[in-house]
Amino acid sequence: SYSLIGDSYYWLDKLNKADEFYDMAFRYINENSEYEKIQFAVSKALLIKRTSAVAEIEDVLLKAYNYYEEQKMIYSRVQTAFHLADFYKKSGNLLKSFQFLKEVLTVSSEKEYSAFLQREILHERELFDFALANRINNRFVKEIINSAAEKNKADWISDECRQRFEEKLESFNDIHLILFGKNEVRIRGRQQDDSAWGKKKWKLIFIYLLVSARMTLSKDKIIDIFYPETPAESAENIFHQMISKFRNLFKTAFAEGTSRETEKDKSVKKGKQKNIDDIKLIPSLISYEDKQLQFSNDFIIYIDSVEFEKITKKLPVIKDPSEKLQMMEKAIELYKGDFMDGNYETWCEELRTKYRTEFISISEELIKKLYEKGEYNKAMHYSEYLLKYDPLNIVCYEYIINSMIKLDKPQIAMIRYNQLVKFYKKEYDETLPEKISSKLKKIITG
């Protein structure tokens, strides 16, 4: 029907097309059906809500909410309550937003209404931030967030749908660190320029805290690592300025795109019930109590080096050969260069050495397994990839040359051998050791 086509365009963010098809659907509406008229009014109200929280939306949604309640249509009522919560938040009535959102999450958790919430989170993320900030069924909210983040991995969705999900997920992580070959921090998909941090060292401390997020770190330890020579009083002042900067960066990134940051609930002005000061818009980024500092676990934090480390810990216990190869490939593809290249703090250098060693070890093992399976092109691909970061890795050259011979390309094999000889001479000002040279020549000539 026209209304379903309109819904499809709505979820594709093609609002003008959605409006066009809703109007077509209206031509065939059953004037004697209260249900159809309410459904149509709600569809049009949600279209408007996407761009503006005009007052008329409230009447439409409340009428629908009451109708669904009278008809005992619980699922429809809960969906409408969600949009009322969103409308009230956008229009500044935080107390009503809180009340409706609490109903939505309580009933949805009890009745396992998760599908529509997974869909809505991609468009109304701020409302889920609001729920987390005010501790409204946080466990269920995190389940919804995690499920939505994994949607693109489902094998039943189309490639086109998968691509749309992946584009949405670019800004889905609250914090995204790219530390292999870079030193990049993104908050909700927006890269934070170096100038945004106030001081270069503060960005490094932010990264250090996140990389160490599984631990609670004391203020004294952070000062010892980053400000060892600074007088205690000055270091204390710097520390508190830094925490304030982190919170403000996060608050600014989250506030972009929200309608009203600080407007008070109208009902509070009349002295009703709950104090608006108890209601928060976004969760707290950092907790700092008793000189202990820790990031909140309410956020989705992605760090490429941490993902790499998770895989390296899993590899030894994976029994299935096919699964192990896939995980090794995934680990290698995460590695885009040395960890925090260009930074020479002790903790950076220690992790840099650790990850580089693991990357080389996993790469060499993967190349060997691929070669033994007869997957010569893939073995060469990962050999070339490893050579980008370890240019004189003799193991790689040996597998490339062996693979070329297996693929009946001896001339290319000889070219790669000559490239190695020249590069070795350039780097070490020495000829390639005779033992290695003879071994490779023997492979080529048979």
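Visitor: Phe206 and Phe246: buried or exposed?
Guide: Both Phe206 and Phe246 are buried. Buried means under 20% relative accessible area, exposed over 50% and partly exposed in between, with a 1.4 Å probe and protein chains only. This is a predicted model, where local features need pLDDT of at least 70, side-chain atom pairs count only at pLDDT 80 or more, and totals for chains, interfaces and linings use all residues. Residues are numbered from 1 along each chain as its sequence is written, and side-chain values use heavy atoms, leaving out hydrogens and water.

Visitor: How many aromatic pairs are there?
Guide: The count comes to 36 aromatic pairs. Rings of Phe, Tyr and Trp (its six-membered ring) pair if their centres lie within 6.5 Å; planes under 30 degrees apart are stacked, over 60 edge-to-face, the rest tilted.

Visitor: Why is the pair of Tyr75 and Phe116 edge-to-face?
Guide: Their planes are at 90°, so the pair is edge-to-face. The ring centres are 5.8 Å apart.

Visitor: Where do they sit in the chain?
Guide: Tyr75 is in helix H5 (residues 74-90) and Phe116 in helix H7 (residues 115-120), 41 residues apart. Helices are DSSP runs of H or I, at least four residues, numbered from the N terminus.

Visitor: Why does Phe116 count as buried?
Guide: Because its relative accessibility is 1%. Tyr75 is partly exposed, at 35%.

Visitor: New topic. Which ring does the charged end of Lys201 sit over?
Guide: The ring of Tyr227, 4.7 Å from its centre. The rule: NZ of Lys or CZ of Arg within 6 Å of the ring centre and within 35 degrees of the ring normal. Arg125 lies over the face of Phe172, 4.5 Å from the ring centre.

Methods. Helices (H or I, at least four residues) and strands (E, at least two) are DSSP runs, numbered from the N terminus.
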